Structure formats: C-alpha cells, structure tokens
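Hi there,

Here is the structure I promised to pass on. My notes on it follow below, so please have a look at both.

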Amino acid sequence: MKDMSKLRVAVIGAKGRIGSEAVRAVEAADDMELVAALGRGDGLETLVESGAQVAVELTTPSSVMDNLDFCVRHGIHAVVGTTGWTDDRLAQLRTWLAASPETGVLIAPNFSIGAVLTMKFAQIAAPYFESVEVVELHHPNKADAPSGTATRTAQLIAAAREQAGSAPQPDATETALDGARGANVDGVPVHAVRLRGLLAHQEVLLGGEGETLTVRHDSLHHSSFMPGILLGARRVVSTPGLTFGLEHFLDLG
Ligand SMILES: NC(=O)C1=CN([C@@H]2O[C@H](COP(=O)(O)OP(=O)(O)OC[C@H]3O[C@@H](n4cnc5c(N)ncnc54)[C@H](OP(=O)(O)O)[C@@H]3O)[C@@H](O)[C@H]2O)C=CC1
Ligand SMILES: O=C(O)C1=N[C@H](C(=O)O)C[C@H](O)C1
C-alpha cells in the first residue's frame, strides 16, 4: 500500500548507469517512495497506474521526448538528466507544457553541485579573459559529444561575453585537421575526451595577458548526481513550467 505522505517518484531508464543509482537514492530517501522503475520496453501507463507524481527521466536523446510528451499530458512532473537539448526540442516541450500549465519539468544538464558551480564560476570569469576553451572528459561508453554540461557551459560563457561586449577570441589558426580545434559552441571551442577509467570531468581554461585560470570539476561516482536529483524531485512539484538548470533550485540565479 502506498504511503500518501511521501512523494511518489518513478525512474525511467532505471537499469542504466545513472538510472540504477537514482533508483537506490529514491529508495533511500525518507520523504520519497519509489513507485515505478521503467526500463526500455516497459509501458509508460505504469506511471499513471503507480500514481507517480514525479518521473526522473534518465534515458537517451532518442527516447526522452516521447517520455516527456506522455508525462506532461498526464500531469506527471519530470526531472530530466538526459542530454541532447536543442532549441527545437525545448520549444516543443514548452508547447506541451502550455497545454498542461500546472505541470513542472526540470532539465538539468548536470545534477552535481560542483558542476553547477563550475558553470557559474566560468560565467563570472569569462568576460575578464581574452581566451576561454572548455575541455570535457568522460567514460568511453558515453553516446553524445560534447557533453550536455560542456555545451551549456560554453553557451553561458558566450552569453556572458556578449553581454560584457568582449572581443572575439584570438586564434591565428590557418590550417587544422578536422576537429583539432574542437567543436564551436557559440564561438567557444569545446573539446571532448573519451577515456577508460574516467567518469565525468570538465575543465574551463581561461587565458589573459601573462596569466591563466583553470576551473576544474570531477564527478568520481554517480552518487555525485543524487542530491541534485532528489532536490529536483522535491522542488519540481511546486514549480510549474520549464526550469532549465539546477542552479534555479539552488538560488544561484
Ligand atoms: N544531468 C546529469 O547530471 C547526468 C546526465 N546523464 C545523462 O543521462 C543519460 C543516461 O546516461 P547513462 O545512464 O550513462 O546511460 P545508459 O545507457 O547507461 O542508460 C540509459 C538507460 O535508459 C534505457 N532506455 C532507453 N530508452 C528507454 C525508454 N524509452 N524507456 C526506458 N528506458 C530506456 C536504456 O536501455 P537500453 O540499455 O536497453 O538501451 C538504458 O538502460 C545520458 O543522456 C547522459 O548524458 C548522465 C549522468 C549525469
Ligand atoms: O553521460 C554522462 O556520464 C554524463 N552526462 C551528462 C552530460 O552530458 O553533461 C552529465 C555528466 O557529464 C555525466
């Protein structure tokens, strides 16, 4: 029998690397009840039948939109860690949410506090340096590159520099092998390393006349993402609409 005093949480992608950790974290949380744990092929109707209030979505970019379409249509709030967010996808999600105005969705490019702070520090520092590049390093089983975190970090850096009226970055490169200068995200080079032994790491390298600053974050275990997921589940139920970035639930702006 369900304990109605607890937040009823489902995990979609429950057998994956982060999904399986999220299942354990929800089960261990005193104020939550895990009411469903869905893997590939499991019917989404289970979310409704189980009375889930929040779905934690940790699957793949090819699955996430269908899952969110279902959740929003059924008034189930969602906490999303899955990557692959484009402007088109966000616009589609906003349209769905407009038709279900009491439902909340949090998309967090990264749930770890250190990664959120890395993005914030990079945003603050970026206008003070001529050059900024992002290097993300991940386990070799990761499907997407660059990471959602690195993409978001580069977008925030670019926006901060544009707002400050920063000049374009100096770069005299005339010839380069494909990929040698990384991916160009809003004018910020982003480099992706895939290496056995790593989990999720990021460096923001900033350079000015005679000095450099490096902001580095390391997630050493999937447990680093769990406090953010639990916080997201607690807050999303009273935050209708789309929230992009865990920083908004940490009052970091
Ligand atoms: N925001 C954050 O802080 C973090 C985000 N991530 C992101 O989370 C996502 C998952 O990462 P990770 O756990 O490493 O990947 P995995 O491949 O280990 O896990 C994904 C899981 O989702 C399952 N799945 C796929 N489609 C569906 C579906 N329609 N319904 C139910 N389950 C489904 C997969 O099943 P099958 O194996 O059968 O394909 C797999 O078990 C990635 O986008 C990753 O970048 C990861 C860590 C932190
Ligand atoms: O796939 C991963 O592992 C991770 N994915 C997210 C991303 O792409 O930013 C978050 C974290 O880097 C781990």
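Which of the 23 residues around ligand 1 come nearest? They are Arg17, Ser63, Thr83, Ala108 and Phe111, where a residue is near a molecule if one of its heavy atoms lies within 4 Å of it.

Before going on, a word on the source: this is a predicted model, in which local features need pLDDT of at least 70, side-chain atom pairs count only at pLDDT 80 or more, and totals for chains, interfaces and linings use all residues. Residues are numbered from 1 along each chain as its sequence is written, chains are lettered from A and ligands numbered from 1 in the order in which they are written, and side-chain values use heavy atoms, with hydrogens and water left out.

**Ligand 1**

A polar backbone atom of arginine 17 lies 2.9 Å from an oxygen atom of ligand 1, and one of isoleucine 18 lies 3.0 Å from an oxygen atom of the ligand. For proline 109, a backbone N or O atom is 3.2 Å from a nitrogen atom of ligand 1. On its own, ligand 1 has 930 Å² of accessible area, and the protein covers 78% of it (areas come from the Shrake-Rupley method with a 1.4 Å probe; for residues, only the protein chains shown count as cover).

The shell around ligand 1 holds 8 nonpolar, 11 polar and 4 charged residues. In this scheme Ala, Val, Leu, Ile, Met, Phe, Trp, Tyr, Cys and Pro count as nonpolar, Asp, Glu, Lys and Arg as charged, and the others, Gly among them, as polar. Both α1 (17-28) and α3 (61-73) supply at least two residues of that shell; helices (H or I, at least four residues) and strands (E, at least two) are DSSP runs, numbered from the N terminus.

**Ligand 2**

Thr83 and Pro109 are among the residues that surround ligand 2, and so are His138, His139 and Lys142. A polar side-chain atom of histidine 138 is 2.6 Å from an oxygen atom of ligand 2, while for histidine 139 a side-chain N or O atom lies 2.9 Å from an oxygen atom of the ligand. Glycine 148 uses its backbone, with a polar atom 2.8 Å from an oxygen atom of ligand 2. The protein buries 83% of the 320 Å² that ligand 2 exposes when taken alone. By class, its shell has 3 nonpolar, 7 polar and 2 charged residues.

**Elsewhere in the backbone**

Most residues other than glycine have a negative phi, and most peptide bonds are trans. Two places are worth a look with that in mind. Alanine 145 and proline 146 are joined by a cis peptide bond, with omega about -5°, and proline 146 is in the loop between β6 (131-138) and α6 (148-164). Aspartate 186 has a positive phi, near 50°, and is found in the loop between β7 (183-185) and β8 (188-194). Aspartate 186 counts as exposed because its relative accessibility is 53% (buried means under 20% relative accessible area, exposed over 50%, partly exposed in between; 1.4 Å probe, protein chains only).

Serine 50, in the loop between α2 (45-49) and β3 (54-57), is buried at 7% relative accessibility. A polar atom of its side chain lies 3.1 Å from the backbone oxygen of leucine 47.

Best wishes

Technical notes:
Polar contact = N/O pair within 3.5 Å; in protein donor to acceptor, adjacent residues only side chain to side chain.
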